Amino acid sequence: MPIQTFEPMTKDFATFDCDAHVTEPPLIWERAGEFLTRDEMEALRATIWWDNDTQQLIVDGKAGVGIGSPRRGGIPGTMRVISNAGPGVKHDIQRALNVRNLDPKTALTQAQVSYLDFAGSYEPEPRLKDMDVQGIDQVMIIPTDIDTYPWLPNAVGAKAFCRAYNEWAYGYTKANPDRLFFAALLPMQNPAYAAEEVYRVAKLGCRVALIRPNDAMGNYPLQPKYEPVWNALEETGLIYGMHPFPAGGALKPPGYTEQHSGAELVRRTVASSGVPHSFLSNVQNFQAEAALWVSMVLMSGFFDRHPKINAAVFEASSTWLSFLIDECDKNYRLYRNERQLPPLKKLPSETFFEHCMTGFEGDEAPPARLPEFYGDILCWSSDVYHHDGDDAWRAIETMQQHGLPKEDQAKFLGANARRLYKVQAPANIIRDRVTEIERPDWWPTEEEVRASLRPEAAVSRS
């Protein structure tokens, strides 16, 4: 059996992964009847339902939608990008396997894609074992189908699904409550339902209420009708978790054409212009939604009206933030005497540093160069098990390359997140990197990996 090797590394602080993912399993729907009324179950079946016979997610009558819809175990000849970044499955390994899939003669078999569909994406016990290898002491799990849920027009069905998911996620964390935490979904289709779910999950010990920066039918979550939700967050202390996503708009009702999501606009621009690469749709659309949300909450006085709310900006990187906050400060100073809105109590930058934190990923180098700006607002995100995910050791390597002091590494990789979520570090932490992983015979060799990284390797000649 081949052995995948890694350089030895050590750490003496506990990491906290503030944004990693689970792939929603059929168990959510199988157990829903334990938590829902008969009317809620009927609404759930009509709104969003996993069909075991066809192995498809059915949303508002549409089958096979949602990024998590492909069946568990994977499909031969593909890489399941939402669940394959397990321990040691680095980006160059994924590249080699994707190159194999270009040729039907070398494409991955069912057994091989099943090996790469990591069980920790669905179940807690395998995840805890993966975390030990990845150097992740604690994690906040977040669902994968985040673009689907705002587009459930049936508010009762949305409420039913959020409760079914949150109950499953809560059960997931009970495998080790000191290491596993969950971010709760809210049915923002109805502010009263959303506030009710905030109070309910807070009693379960939940720390984060997860909200996309756009609601069904183009509503924006900062509109006045959502005041009950913000009041609930203030009373419970739950963190406002703002998670963008590259919205495709596939679930919009027929005839609805208004444009509300910056991410969707980026995605449509990429598609209509024929740009032959997904870079924009995987990077800039996350940043577009996040940057708009940050500008809106800072310049509208949201935190002046709700001074007890704290927020986290998930999965949008962080390098853009310093420029944006600087621009907000400059524009507020320039136009504050002309504003129709009430004057802000503080500069936008001061408000952000007081109320917000932002996620960053392990290969993102600029934060390590600017600890005086990012020191108290940065929380590391692995994005595991999605294809661009990586482990804590990669993040430490990046920080070491740029000379970031160890005390700042400890803050970026765990202490800031625990301060935000008000949790303690686990009694036992991972200190030493696992340096060897046994692999199956078909695992890419170093020579194959090097060859696959050449640009011409990705050109199909069939």
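K330 and E327 both sit in helix 12 (residues 319-335). They are three residues apart, about one turn of the helix. Helices here are DSSP runs of H or I with at least four residues, strands are E runs with at least two, and both are numbered from the N terminus. K330 and E327 form a salt bridge, with the closest N and O atoms 2.7 Å apart. A salt bridge means a side-chain nitrogen of Lys or Arg within 4 Å of a carboxyl oxygen of Asp or Glu.

K330 is partly exposed, at 42% relative accessible area. E327 is also partly exposed, at 24%. The cut-offs are under 20% for buried, over 50% for exposed, and in between for partly exposed (1.4 Å probe, protein chains only).

## About the model

This is a predicted model, where local features need pLDDT of at least 70, side-chain atom pairs count only at pLDDT 80 or more, and totals for chains, interfaces and linings use all residues. Residues are numbered from 1 along each chain as its sequence is written, and side-chain values use heavy atoms, leaving out hydrogens and water.

## Pairs across the sequence

Side chains of opposite charge can pair when their charged atoms come close. The count for this model is 20 salt bridges.

One of them joins R72 to E123, with the closest N and O atoms 3.2 Å apart. R72 lies in the loop between strand 5 (62-63) and helix 3 (91-100), and E123 in the loop between helix 4 (110-115) and helix 5 (124-134), so the pair ties together parts 51 residues apart in sequence. R72 is partly exposed at 41%, and E123 is partly exposed at 32%.

Another salt bridge links R100 and E448, at 2.8 Å from N to O. R100 is in helix 3 and E448 in helix 18 (residues 446-452), so this pair ties together parts 348 residues apart in sequence. R100 is buried at 14%, while E448 is partly exposed at 24%. There is also a network of salt bridges linking K90, D390, D391 and R394.

Strands of a sheet pair through backbone hydrogen bonds, either parallel or antiparallel. Here, three strands form an open sheet in the order 3-4-5, with antiparallel pairing. Strand 3 (48-51) and strand 5 are at the edges with a single partner strand each, so one side of each has no neighbour in the sheet. Two strands pair if DSSP finds at least two bridges between them. Strand 3 and strand 4 (residues 56-59) are joined by four bridges. W49 has I58 in strand 4 as its bridge partner.
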